[in-house]
Amino acid sequence: MPSVTWRSQLARGAFGAVGGQPFFTASGQGCRLEDVDGSQYIDYVLSWGPLILGHSHKEVTAAVDRALNKGTHFGTPTPAEVELAEKVCALVPSIEMVRFVNSGTEAMMSAVRLARAVTGRDLILKFEGCYHGHGDGFLVKAGSGFATLGLPSSPGVPRAISELTLTVAFNDRDAVAEALARHAERLAAVIVEPVVGNAGLIPPEPGFLEFLREGTTRVGALLIFDEVMTGFRVALAEIMARVAPEGDVYQAGTLSGNPVAMAAGLAQLRVLEREKPFALLEGRASLLVEGICKAARDHGIAASGAAVGSMWGVYFCEGPVRSFQDASCVDRGLFSAYHRECLAGGVFFAPSPFEAGFISTAHGDVEVGDTLDVVDRALAKVGGGR
Ligand SMILES: Cc1ncc(COP(=O)(O)O)c(C=O)c1O
């Protein structure tokens, strides 16, 4: 069992923003986590997004077992890489070429290097509250843990690097147009989470992504969709062909494309392709958002929220939340108290108002109903007297 020291280290980590008693997970099954003390939680963090089928899905686990029994990684290509790449291209026809990496950070760092090589330009434009991993150039007005901790920048990132990153507010067309006009000759790429999931959940306003597409094309910059959270990244093949060894832009990773990860990815995509659960997931996520907002208002707390596919988010403030600046108005004290009450009631939400929630195919109507009961009790307690 983890010692008190370990627990207090953890309390200063992900749980630092909300206080309360952080837990160590012993196992996950379906939509539930069990901690080392035997308490169970309905999990809406889902490893920060990727577990669309929930924990320990039997087909994914069986595929990983089969791969493990044949050896874990070899440093040579395996058929599983080709199979997964073909599946990704089949599911998203605009994807013509694929490179596997081990993490979102690697993917984004490599995409920006490629954009700089292809355009011969240095600047990138990102949006306030978007998180693209912990690469030096991304830690400028970043979302996720960076926003939760309220960090303006990170020591260790040279100013010469952060000065190459411009930021504007999400959904702000005027600010984008001005930045594009001012830096047209020097801008390598605009990088964006198509649906912001690292500042709570902020959907793009209608036409905003098309506006980015049109504006970047006009100034000869690339548009990078960071779909680490939302799904798949889109890229053109003549650009991807510049990646080494086919091209001259260096990118590599010893464990990239390892057969265990490939087996897990392929198994998950096969289930999603067969079951097509997205309408169901969005329906349940919407129920959750509507239920939480209603409970909040019933207890005198302002709330607004949205669901996009299996991602969802609620802010305890009057909406609409269109940008990170809007999101920053949330009452953090209230959120922390709410989070602690929900956790005590057996519901695990992300320990920050600046993280999206997720839902999996393992979350049924019963679990969503149970969650809303816990939420209602939590909000009654923390909103009392408003
Ligand atoms: C949109 C987005 N991009 C990049 C990353 C970085 O991914 P990783 O933590 O795998 O490096 C994250 C992680 O949360 C993310 O949400």
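Visitor: So Ala, Val, Leu, Ile, Met, Phe, Trp, Tyr, Cys and Pro count as nonpolar, Asp, Glu, Lys and Arg as charged, and the others, Gly among them, as polar. How do the residues of the shell around the ligand divide?

Guide: Into three nonpolar, six polar and two charged. Keep in mind that this is a predicted model: local features need pLDDT of at least 70, side-chain atom pairs count only at pLDDT 80 or more, and totals for chains, interfaces and linings use all residues. Residues are numbered from 1 along each chain as its sequence is written, and side-chain values use heavy atoms, without hydrogens and water.

Visitor: Which residues are around the ligand?

Guide: S103, G104, T105, Y131, H132, G133, E193, N198, D226, V228 and M229.

Visitor: What lies 2.5 Å from an oxygen atom of the ligand?

Guide: A polar side-chain atom of T105. A polar backbone atom of G104 is 2.9 Å from a ligand oxygen. For Y131, a polar backbone atom is 3.3 Å from a ligand nitrogen. Polar contacts here are pairs of N or O atoms within 3.5 Å.

Visitor: How much of the ligand does the protein bury?

Guide: 77% of the 390 Å² that the ligand exposes when taken alone. Such areas come from the Shrake-Rupley method with a 1.4 Å probe.

Visitor: New topic. At what angle do helices α7 and α8 pack?

Guide: About 10 degrees, with axes 11 Å apart. α7 spans residues 173-182 and α8 spans 208-219. Helices are DSSP runs (H or I, at least four residues), and strands are E runs of at least two. Axes are lines fitted to C-alpha atoms over the stretch in contact, and angles run from 0 to 180 degrees between N-to-C directions. That angle makes α7 roughly parallel to α8, a label for angles under 35 degrees.

Visitor: Which residues of α7 make the contact?

Guide: R173, V176, A177 and L180. From α8 come F208, F211, L212, G215, T216 and V219. Contact means heavy atoms within 4.5 Å. These residues divide into seven nonpolar, two polar and one charged.

Visitor: Where is P245?

Guide: In the loop between α9 (237-240) and α10 (259-275). A cis peptide bond joins A244 and P245, with omega about 10 degrees.

Terms used: A residue is near a molecule or strand if one of its heavy atoms lies within 4 Å of it. A polar contact is a pair of N or O atoms within 3.5 Å; within protein, one must be able to donate a hydrogen and the other to accept it, and residues adjacent in sequence count only if both atoms are side-chain atoms. Angles under 35 degrees count as roughly parallel, over 145 as roughly antiparallel, 65 to 115 as roughly perpendicular and the rest as oblique.
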